[in-house]
Amino acid sequence: MTVQTSIQLFTLKNELDADLDGTLAAVAARGFVAVEPYDFVHRAEPLAAALAAAGLVAPSGHAFLASESFVNPDGSGTSVPVPAPAEVFAAAKTLGMGTVIDPYTEPARWESVEQIAETARLLNAAAEIGAASGIRVGYHNHAHELEAVFDGVTGLEVLAGLLDERVVLEVDLYWVARGGVDPVALLQRLGSRVVAVHAKDGTLDPELVNAYPPADQVPAGDGAVPLVAAIAAAPALELAIVEFDHYEGDLLDAVERSRIYLDENVAA
């Protein structure tokens with residue numbers, strides 16, 4: 001199994017907003033070759049140029065495909081409409097991206113199997129459009145998809161059972177653990193559906209996890225999330241992606257430490 005280490009660029013959102021070229025150069029200087037852009041449609045061409053200048057590639061990216069408007073990282077809704085799937089995939093092609101992953105659907109859409117089925121329908125429809133451009137569609141979880149349980153089955157697994165075989169999963173291992181589910185057992189059950197993970201670590205300290213953004217996240221390997229064992233349980237894994245929702249220390253140092261840990265323990 002060959003697993004490429006990447007970084008979700010939302011980790012460095014403020015830095016990217018201030019200096020796109022300089023921040024991507026810094027990411028490359030910390031040893032990364034691959035990145036995962038977010039909200040890339042409106043800036044596809046300048047982002048593609050900046051990635052090329054830094055010697056970086058973007059095999060995957062985040063864009064909403066099953067929501068009508070942008071959802072903020074704290075889960076709050078906005079009135080800003082999202083680009084149509086065809087526009088998303090055109091931007092993905094500009095960036096040389098092979099997989100576009102829906103990053104979030106709100107918890108209120110995970111209260112019934114019928115709601116989950118509607119999300120699956122939207123993702124399947126997007127996958128049909130993406131296939132025409134050679135783009136694969138995926139879904140990324142947070143905690144609420146695991147906290148929702150139907151007849152003993154997590155909402156994320158219900159979704160997986162309703163997805164077209166072309167739709168893949170990017171499992172955020174930190175949020176799985178935050179949702180009270182064993183990441184290793186989950187990836188064993190999901191099998192080859194999982195092609196990417198967010199290899200995000202945290203102490204899971206009860207006094208810190210309830211803050212927003214979470215206050216317990218630490219460099220990969222320093223926390224309580226079983227990253228290496230979970231990654232080993234995913235037979236079709238392609239990408240192990242570093243991400244921080246929040247970190248009080250030196251962020252570039254933390255992402256580099258995470259990359260080194262992943263490269264030494266899981267990348268081939």
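Where is leucine 204 found? Leucine 204 sits in the loop between strand S11 (201-202) and H10. We'll come back to that residue further down. One thing to keep in mind while you look around: this is a predicted model.

**The sheet**

Let's start with the open sheet of 7 strands, which runs in the order S1-S13-S10-S9-S6-S5-S2 with parallel pairing. Its edges are strand S1 (4-7) and strand S2 (60-62), each of which pairs on one side only. Going from one strand to the next, the twist averages 25°.

Now zoom in on the S2 end. S2 pairs with strand S5 (residues 99-102) in the parallel sense, over 3 bridges. Two facing pairs can be picked out here: glycine 61 is opposite valine 100 in S5, and histidine 62 is opposite isoleucine 101 in S5.

S5 also pairs with strand S6 (residues 136-140), again in the parallel sense, this time over 4 bridges. Across that pairing, aspartate 102 stands opposite tyrosine 139 in S6. To get from S5 to S6, the chain goes through helix H5 (residues 113-131), making a right-handed β-α-β crossover.

**Helix H2**

Next up is helix H2 (residues 20-29), where Thr23, Leu24 and Val27 are buried. Looking down the axis of H2, you'd see its buried residues fall within an arc of 95°, so they line one face of the helix. What do they pack against? The buried residues of H2 pack against S1, helix H1 (13-18) and helix H3 (44-54).

Both ends of H2 have something to show. At the start, a side-chain oxygen of aspartate 19 comes to within 2.9 Å of the backbone nitrogen of glycine 22. Just after the helix, glycine 31 takes a positive phi of about 100°.

**Glutamine 217**

Is glutamine 217 buried or exposed? Glutamine 217 has a relative accessible area of 3%, and since buried means under 20%, it counts as buried. This residue belongs to strand S12 (residues 217-218). Its side chain reaches the backbone nitrogen of aspartate 245 at 2.7 Å. Leaving aside residues up to four places away in sequence, the residues that glutamine 217 touches include Tyr174, Lys200, Phe244 and His246.

Most residues other than glycine have a negative phi, and most peptide bonds are trans.

| Residue | Phi | Place | Relative accessible area |

Which peptide bond is cis, with omega near 0°? That would be the bond from tyrosine 212 to proline 213. You'll find proline 213 in the loop between helix H10 (206-209) and S12.

Conventions. Residues are numbered from 1 along each chain as its sequence is written. This is a predicted model: local features need pLDDT of at least 70, side-chain atom pairs count only at pLDDT 80 or more; totals for chains, interfaces and linings use all residues. Side-chain values use heavy atoms; hydrogens and water are left out. Two strands pair if DSSP finds at least two bridges between them. Axes are lines fitted to C-alpha atoms, for helices over the stretch in contact, and angles run from 0 to 180 degrees between N-to-C directions. A crossover is right-handed if, with the strands pointing away from the viewer, the path from the first strand over the helix to the second runs clockwise. Buried means under 20% relative accessible area, exposed over 50%, partly exposed in between (1.4 Å probe, protein chains only). The arc is that of the directions from the helix axis to the C-beta atoms. Contact means heavy atoms within 4.5 Å. A polar contact is a pair of N or O atoms within 3.5 Å; within protein, one must be able to donate a hydrogen and the other to accept it, and residues adjacent in sequence count only if both atoms are side-chain atoms.
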